[in-house]
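Biologist: Please put the model up, and I will go through it with you question by question.

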Amino acid sequence: IICGTTRRMIKMALIYSNHTEDVEEIERIGLLEYRLTCKKGTRAEGLVPEIGPHLGRAKIGVQTIERK
């Protein structure tokens, strides 16, 4: 979950960090609030430090669920 930035900035951060193929969906859940759904095999905890520096002061959190 990313708060405080735009969809465009998230997409640019994914491009700059070379992680566009690791994210299935960017879902808007509120004003400047987005949920990223990672592809199977991608660890969200590893994605945060990669894209974080490209998102300025945005707040980033990880929510994991077990897929079957």
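Biologist: Which residue in β4 does I2 stand opposite?
Modeller: This is a predicted model. In it, β1 and β4 pair in the antiparallel sense, over 2 bridges. Across from I2, the residue in β4 is I60.

Biologist: Which strands stand at the edges of the sheet?
Modeller: The sheet is open and has 4 strands, with antiparallel pairing in the order β2-β3-β1-β4. An edge strand here has a single partner, so one of its sides is left without a neighbour in the sheet. The strands at the edges are β2 and β4.

Biologist: Why are the buried residues of α1 on the same side of the helix?
Modeller: The buried residues of α1, which spans residues 7-16, are I10, A13 and L14. An α-helix has 3.6 residues a turn, so residues three or four places apart point the same way.

Biologist: Which exposed residues does the face of α1 turned away from its buried side carry?
Modeller: The buried side packs against β1, β2, β3 and α2. The helix lies across β1, β2 and β3, at about 155° to β2. On the face turned away, the exposed residues are R8 and Y16.

Biologist: Which elements give two or more residues to the largest nonpolar core?
Modeller: That core has 14 residues, and those with the most contacts inside it are I2, I10, I26, L36, I51 and L55. Two or more residues come from each of α1, β2, β3 and α2.

Biologist: Which residues does L55 touch, leaving out those up to four places away in sequence?
Modeller: L55 is among the residues with the most contacts inside the largest nonpolar core. Two others in that group, I2 and I10, are also touched by L55.

Biologist: Is R43, which forms a salt bridge with E45, buried or exposed?
Modeller: The closest N and O atoms of R43 and E45 are 3.7 Å apart. E45 has 39% relative accessibility and therefore counts as partly exposed. R43 has a relative accessible area of 59%, and exposed means over 50%. R43 is therefore exposed.

Terms used. Residues are numbered from 1 along each chain as its sequence is written. This is a predicted model: local features need pLDDT of at least 70, side-chain atom pairs count only at pLDDT 80 or more; totals for chains, interfaces and linings use all residues. Side-chain values use heavy atoms; hydrogens and water are left out. Buried means under 20% relative accessible area, exposed over 50%, partly exposed in between (1.4 Å probe, protein chains only). Contact means heavy atoms within 4.5 Å. Two strands pair if DSSP finds at least two bridges between them. Axes are lines fitted to C-alpha atoms, for helices over the stretch in contact, and angles run from 0 to 180 degrees between N-to-C directions. A nonpolar core is a set of buried Ala, Val, Leu, Ile, Met, Phe, Trp, Tyr and Cys residues joined through side-chain atoms within 4.5 Å. A salt bridge is a side-chain nitrogen of Lys or Arg within 4 Å of a carboxyl oxygen of Asp or Glu.
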